[in-house]
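Dear colleague,

Please find below the structure I promised to pass on, followed by some notes on what turned up in it. I would be glad if you could read the notes with the structure open beside them.

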Amino acid sequence: LTDRYSYAARAQNKSGRPHVILLGIDSLRLDELSRYGGSQGNTLHIDGFLADADVVKDTSTPMARTFGSWVAILTGRSPPVTGARNNLTPRDSVSAYPTIAEVLRKAGYRTVYSTDEVRFANIDETYGFDSVITPPIGASDFIIGTYNELPLASVVINTRMGQLLFPFSYGNRGAAQVFEPKTFLSRLDRELRFDRPTFLIVHLTAAHWPYYVAETPFGVSVRKDPEDRPMYRIGLRTADSMFDQVVATLRRKGALDNAIVVVLSDHGEAMTLPNDSFMQNGAFVEGLGAPLKVLDIGHGQSVLSPSQYKVLLGFKSFGRAAGFAAASRDLPVTATVEDIAPTLMDLLKIPGNPLDSSGRSLAPLLRSPEAIAAYAGPERIRFTETDLSVI
């Protein structure tokens with residue numbers, strides 16, 4: 001039955017155009033990845049997938065918060081231009097039109113956005129998506145979560161009936177105490193199809209605070225050494241396992257027969273570790289009319305904490321239509337997440353600059369290593385900003 005289902009579910013994309021798939025990991029510390037020297041073994045599946053990918057190792061985000069970073073990814077424009085300068089910015093205050101999803105939809109792509117948590121990044125169909133595979137967006141996401149641990153609710157939430165009775169808790173990482181990864185992954189499996197060119201985003205948030213899920217056992221927060229962060233380690237391993245299962249679903253459905261895949265993170269995560277800040281934790285920088293406190297914990301807290309703003313950006317090709325052949329290269333340029341959209345449109349041969357993007361295309365470098373000469377010149381300036389924070 002499994003083999004018959006897998007065969008029937010495979011993509012029948014006869015147009016020849018590649019699927020475009022963005023796989024995001026929230027709150028990813030780059031020093032966990034083997035391509036960046038990590039040896040902790042917390043990202044084995046992500047490392048395996050990236051082994052033959054081309055990676056731009058010096059990539060940053062202008063805003064180390066999920067919403068601001070993802071709007072920059074979707075539009076190729078900076079937070080001051082779009083207005084997405086902090087989480088939960090009202091929709092009518094965000095100038096996101098057009099997004100790459102809207103451009104690709106006009107080009108004949110089905111556009112799908114999926115994530116397992118929406119509390120702080122309210123991305124919905126208005127950003128150019130034909131469908132979203134997410135928990136519902138709204139205040140109820142915060143309020144109803146309080147009642148998730150009632151015995152009857154806990155039993156039902158992760159069933160198909162729970163999707164009807166408790167939609168704000170079903171497959172919702174925001175309700176961490178009852179969240180089971182398989183619930184979200186099963187929904188993703190049911191609702192995804194690739195019968196025509198598809199632009200798909202899947203963003204996984206288990207590595208974000210509070211790091212645990214329903215299956216996390218008690219008593220696991222004991223440090224192995226002074227630099228161990230056990231809860232983050234557990235959350236990252238959960239995200240890594242979910243990443244592997246998403247890739248397996250894409251393979252079974254035939255999406256990876258012909259695709260461009262971008263593996264990325266929206267921001268990093270500082271944890272008061274030695275390399276998390278240019279200055280000592282809690283230091284104040286005088287000037288600018290007011291003291292600026294350096295916070296080397298969390299994300300979006302301080303532009304003087306590079307662990308928060310450095311992100312993963314890797315490109316992988318499947319099939320000739322991808323327009324390039326990934327070859328395990330570390331691309332020697334500086335990049336920002338605003339470069340992702342123009343790079344993809346260049347690879348897809350979409351003319352002009354419909355996004356009016358402030359980013360630059362990396363496609364010439366992906367197509368040919370010799371193109372590095374085109375990126376020579378003055379050092380690139382990448383702007384970053386700190387989100388609102390209460391000291």
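**An enclosed helix**

The buried residues of helix H3 pack against strand E1 (19–25), helix H4 (79–82), helix H5 (100–106), strand E6 (198–204), strand E7 (259–265) and helix H12 (340–347), where contact means heavy atoms within 4.5 Å and buried means under 20% relative accessible area with a 1.4 Å probe, protein chains only. This is a predicted model, in which local features need pLDDT of at least 70 and side-chain atom pairs count only at pLDDT 80 or more, while totals for chains, interfaces and linings use all residues. Residues are numbered from 1 along each chain as its sequence is written, and side-chain values use heavy atoms, with hydrogens and water left out.

Because 10 of the 10 residues of H3 (residues 66–75) are buried, this helix is largely enclosed by the rest of the structure; among them are Phe67, Trp70, Ile73 and Leu74. After H3 comes Gly76, with a positive phi near 75°. Helices here are DSSP runs of H or I with at least four residues, and strands are runs of E with at least two, numbered from the N terminus.

Elsewhere, Val294 sits in the loop between strand E10 (292–293) and strand E11 (297–298), and it counts as buried because its relative accessibility is 0%. The C-alpha atoms of Val294 and Ser305 lie 7.4 Å apart, although 11 residues separate the two along the chain.

With best wishes

Methods:
Buried means under 20% relative accessible area, exposed over 50%, partly exposed in between (1.4 Å probe, protein chains only).
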